[in-house]
Amino acid sequence: MWTREELKTRGKVAFLRNYWMCVAVALILSLVVGSGGTSATSRVSNAVSGEESSNSIFDVKEQFSELTDNFSPIRNPIRTTIAAVGFLVVCVLAAVYLLLRIFVFKPLEIGGCRFFVENAYEKTSIGKMLFPF
């Protein structure tokens, strides 16, 4: 069985053997595949530390009722049309994002993982990131 020291030494040697390629692949992966926004962990830690969100359920109800008071498709067809077009735009953007995530981002992530696995045994080129394509 491997010891911790042995694994650390092998990892350092593999990383230093191809240092700049590893840094470039890690940077590309963090830019392309990395997710943005707040995570559930940060929201939980904010709740535990006492920093509550400013939107309580009652504030949201009041804002929603103010928003929908004058919104009737019969009285204002222009608003209805704008809302429908906005909804369609959001649906199209969501579909495009989903397709990009499936056909571009995930294969790049797999290629990056393959790069690091092969880099553990031999010097590898950055072209391994494009392996799934």
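Modeller: Here is how the labels come about.

Modeller: This is a predicted model, where local features need pLDDT of at least 70, side-chain atom pairs count only at pLDDT 80 or more, and totals for chains, interfaces and linings use all residues. Residues are numbered from 1 along each chain as its sequence is written, and side-chain values use heavy atoms, with hydrogens and water left out.

Biologist: Why is asparagine 18 called buried?

Modeller: Buried means under 20% relative accessible area, exposed over 50%, and partly exposed in between, using a 1.4 Å probe and protein chains only. Asparagine 18 has 4%, so it is buried. It sits in the loop between H1 and H2.

Biologist: How do you know that the side chain of asparagine 18 makes a polar contact with the side chain of asparagine 119?

Modeller: A polar contact is a pair of N or O atoms within 3.5 Å; within protein, one must be able to donate a hydrogen and the other to accept it, and residues adjacent in sequence count only if both atoms are side-chain atoms. The two asparagine side chains meet at 3.2 Å. The asparagine 18 side chain also reaches the backbone oxygen of threonine 124, at 2.7 Å.

Biologist: Why is the pair of phenylalanine 15 and tyrosine 19 edge-to-face?

Modeller: Rings of Phe, Tyr and Trp (its six-membered ring) pair if their centres lie within 6.5 Å; planes under 30 degrees apart are stacked, over 60 edge-to-face, and the rest tilted. By this rule there are three aromatic pairs. For phenylalanine 15 and tyrosine 19, the centres are 5.1 Å apart and the planes at 75 degrees, so the pair is edge-to-face. Phenylalanine 115 and phenylalanine 116, with centres 5.2 Å apart and planes at 80 degrees, are edge-to-face too.

Biologist: And how exposed or buried are phenylalanine 115 and phenylalanine 116?

Modeller: Phenylalanine 115 has a relative accessible area of 0%, so it is buried. Phenylalanine 116 has 33%, so it is partly exposed.

Biologist: What about phenylalanine 15 and tyrosine 19?

Modeller: Phenylalanine 15 is at 35%, so it counts as partly exposed. Tyrosine 19, in helix H2, is at 33% and therefore partly exposed. Together with Trp20, Phe15 and Tyr19 form one aromatic cluster.

Definitions and conventions: Helices (H or I, at least four residues) and strands (E, at least two) are DSSP runs, numbered from the N terminus.
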